Amino acid sequence: MNAPARDTSAPGRLAELRPLLSELMDLKRIRTPDHPDGLAAHGFRRAWAALASGMDPRIVALQETARAVAAVRLGGLDMDVLQRAGLSSQEALRVLGRGLEAVSRPLDPRLRERLSVALAQTPEEACHAPPPTFVERLVQQPRAGATYPGRPRIVVSPQESHADHCYAVAVGAVLVAPCFGASPALPFVAGLSHHLFNAALPDAGYGGEALLGDLLEPVMKRLTQEALATLPERLAGVVRQALVLTGNVDSAEARAFNASDALDRVLELEAHARAAGFTLRQAMEDLQLIHPGPLQAFGDGVLREAGVWP
């Protein structure tokens, strides 16, 4: 009897991408005075504004992913901030390029090149239309946390929003797309849009949704259609096409989206577990909290004298 065929649709690169995908979780919690809801929520708003302005989803997918990957190391040091700090546009682009290069080694080489080009071609945000009305509701709508029928809810703080999750899934789908031989645009749009119904429906999680039973699917469909009706006709058509990717793995693009969705849900909780287990030894030895420089010896001496760290 022949052995069952082995699925080779994601040949070996997901494990290499996992550290970078884990670090993308930080964008949900990195905040600046300009973006107090976090960089992921800012990217979510920006992506939808670009799409609503008529930008090609392929361009938006690559530009947003390039910005997100650069922000893994640079945090809130984006083009606008760097130019306000006095850098020329070319100097700012060099800094952003260094941020991208610092973490891009695990990426597919062709995707790495496309992201580098997209980062240099990112337009001014001022030309974008306002984001659709549902965007702000998703920024303000928390995720339910970990739930299961008949068991207590586990809520971790700070709670991520649906905007946080959707942006991370969208960017992650672009990063994993080469693993499945997928084009990135539709998986990216599916990531941004797969929780449109939660703009109106508070998230009860798997445990709560199970109680809705066969009422859940028609509610989700009706609320999704209401959100789609607020979009320009052409964009609504693209989003409908992207949403076909959800709930199946029948195409390379569907596999890329659903892989990113599964990874984000689990890596988000891993991020909380990692933060909860963080120790002073990691801060001092792995991260050298008293950084190398002219004051390092003095700082180390102060800590010894105070009995904080040997």
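Okay, quick ground rules. It's a prediction, so local features need pLDDT of at least 70 and side-chain atom pairs count only at pLDDT 80 or more, while totals for chains, interfaces and linings use all residues. Residues are numbered from 1 along each chain as its sequence is written, and side-chain values use heavy atoms, with hydrogens and water left out.

Let's go to the salt bridges, meaning a side-chain nitrogen of Lys or Arg within 4 Å of a carboxyl oxygen of Asp or Glu. The structure has 20 of them. Take Arg 73 and Glu 23, with N to O at 2.5 Å. Arg 73 sits in helix α3 and Glu 23 in helix α1 (residues 14-24), so this pair ties together parts 50 residues apart in sequence. Helices here are DSSP runs of H or I, at least four residues, and strands are E runs of at least two, numbered from the N terminus.

Next up, Glu 160 and Arg 143, at 3.6 Å, N to O. Both are buried, which is under 20% relative accessible area, against over 50% for exposed and partly exposed in between (1.4 Å probe, protein chains only). They also belong to one network, joined through shared partners, with Lys 28, Arg 29, Asp 264 and Glu 268.

For contrast, look at Arg 84 and Asp 80, bridged at 2.8 Å, N to O. They're four residues apart in helix α4 (residues 79-84), so about one helical turn separates them. Arg 84 counts as exposed, at 52%, and Asp 80 as partly exposed, at 44%.

Last, the packing: α3 (residues 57-74) meets α5 (residues 89-103) at about 85°, axes 7 Å apart. Axes are lines fitted to C-alpha atoms over the stretch in contact, and angles run from 0 to 180 degrees between N-to-C directions.
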